[in-house]
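Q: I am new to this structure and would like to learn how its features are read. Could you take me through them one at a time?

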Amino acid sequence: MNNNNYIFQRRNAEYTANEKRWKRSGEAYSGGREYIEQALIRHVSEINLEFSERRSRAYYFNYPRAIARRITQYALSIDPIRRNADPELVEDWSRTGLRTNDVMRQLSTLLNVYGRAWLQVEMPLFDGNPSRQEAKERCLRPYARTLSPLQVVDWSTGADGKLLWALVAEEEIDSSDPFAPPVRHRRRRLYDRNSWRLFEAASSGAKEIASGVNPTGTVPLIPVVEPDGFGLAANHWFEDVVRISEAIMNNESEAQMNTVKQMFGMLVVADSFARSARKISADESKDENFSAIVARSAAIVESVEEKGISRFISPSGIATDTIREENRYLKQELYDVVGLAVQGNSREGQSSESKAWDFQNVSQFLAARADLLEQAELDAWKLMRRYDLDLAVPDVRYNRRFAVNDLAGGIAGLLQLSEISAGKSYRKAVGRTAVELLDNIGYVGIREKEKIINEINQESEL
């Protein structure tokens, strides 16, 4: 047996336990027709024809993506400071045109969706010993990219707490020949602390197609895990977001079909007419058929004693309104559970203590996320320097001050404070506070903020 074949069968225990959930979360974030067809639930009383229509009409409010992106937008709303960073690398950290901020936003969103993500730091292959100028022209320098947990299929940790080896799933499509169909290659790249090996699946069995030296002395992958999720052997919170979102989608689909039925209605016929129609269909013409199926898309048969009158009926509007009200409740709970309910009508009735707790909760969550991203980026820069000793490791600082507060109340209070007659120092303090509130409402650039504060500080005596 070819021992290389086992490389394509390996799965880490964590990967095996979470693979289905990770795929579902990724599909929910992606959305689209394929996800709707997976997540839409057919209820017991639905016939195939009716469910097919409902499925073709269904639409999806992508709350999982909105939540995952909003957390990232909050956490990285202010650009991190990178002192002594190579400006070319900052502008193209991935070697594909993604800036450092772009790659870290991807990492943050992957953490939101999966609870685990990876940063991979690599160096392009080249022959010989190119000069600095040639290396610059050919872009022969370290780069970083993100990997989802579905791409890193297995790994092992040593006694020192660091990775011993890691196995990355890769796929390459060769479309170099315009006269031949593209060829898909399934591959696995195995890293250890001193080397790497690339395997490719083939009909004759897996074979090693390339190998090389790993000059870093460490596995060039950085695992990033939310410490309060998998770090505590718990399921990731995004799975609950997906389930609530799917409930909203299914409810909305039913409400939509109720609206359709109110427009078109459903036929109710007398039992005597139904019996007569069946008899005619059986005796006189095989081409004429009468529906005897009881469902929303077919006729309902009544006895003569009950009604005896053919008519159309439809669901009441109250049922649709009830569904829509349930969805509004689910949406509010969805954002409350995640901890993003920093806006909304419900906030008007809250006590000041309750508001302060919510704001502090969101602020601390974002500060913890900033800490996680800062450490991951710093580790990536250190790995890059292992590939290129001339590369400086910058001083990386992420923003940890998130003024998630009651903006309306803050502005009202500031206006009242500004009316107090006091000295120059007091007026300056009020002005500087106003600049911070302005930054919360709409982001003010660092240079512009410094300019405004300097103007406030230089205010002359009246």
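A: Let us begin with a charge and a ring: a charge sits over a ring if NZ of Lys or CZ of Arg is within 6 Å of the ring centre and within 35 degrees of the ring normal. Here the charged end of Arg65 sits over the ring of Tyr29, 5.0 Å from its centre, and the charged end of Arg189 sits over the ring of Trp196, 5.1 Å from its centre. This is a predicted model, in which local features need pLDDT of at least 70 and side-chain atom pairs count only at pLDDT 80 or more, while totals for chains, interfaces and linings use all residues. Residues are numbered from 1 along each chain as its sequence is written, and side-chain values use heavy atoms, with hydrogens and water left out.

Q: How many aromatic pairs does the structure hold, and what describes a pair of rings?
A: A pair of aromatic rings is described by the distance of the centres and the angle of the planes. Rings of Phe, Tyr and Trp (its six-membered ring) pair if their centres lie within 6.5 Å, and planes under 30 degrees apart count as stacked, over 60 as edge-to-face and the rest as tilted. The structure holds 7 aromatic pairs. In one of them, the ring centres of Tyr15 and Trp22 are 6.0 Å apart and the planes stand at 75°, so this pair is edge-to-face. The rings of Tyr35 and Tyr60 have centres 5.0 Å apart and planes at 50°, so they are tilted. Ring pairs also link Tyr59, Phe61 and Tyr63 into a cluster.

Q: Are Tyr35 and Tyr60 buried or exposed?
A: Buried means under 20% relative accessible area, exposed over 50%, and partly exposed in between (1.4 Å probe, protein chains only). Tyr35 counts as buried at 1% relative accessibility, and Tyr60 is buried with a relative accessible area of 14%.

Q: At what angle do helix 1 and helix 4 pack?
A: Two packed helices are described by the angle between their axes and the distance between the axes. Helices (H or I, at least four residues) are DSSP runs, numbered from the N terminus; axes are lines fitted to C-alpha atoms, for helices over the stretch in contact, and angles run from 0 to 180 degrees between N-to-C directions. Helix 1 (residues 13-30) and helix 4 pack at about 90°, with their axes 6 Å apart. They are therefore roughly perpendicular, a term for angles of 65 to 115 degrees.

Definitions and conventions: Helices (H or I, at least four residues) and strands (E, at least two) are DSSP runs, numbered from the N terminus. Angles under 35 degrees count as roughly parallel, over 145 as roughly antiparallel, 65 to 115 as roughly perpendicular and the rest as oblique.
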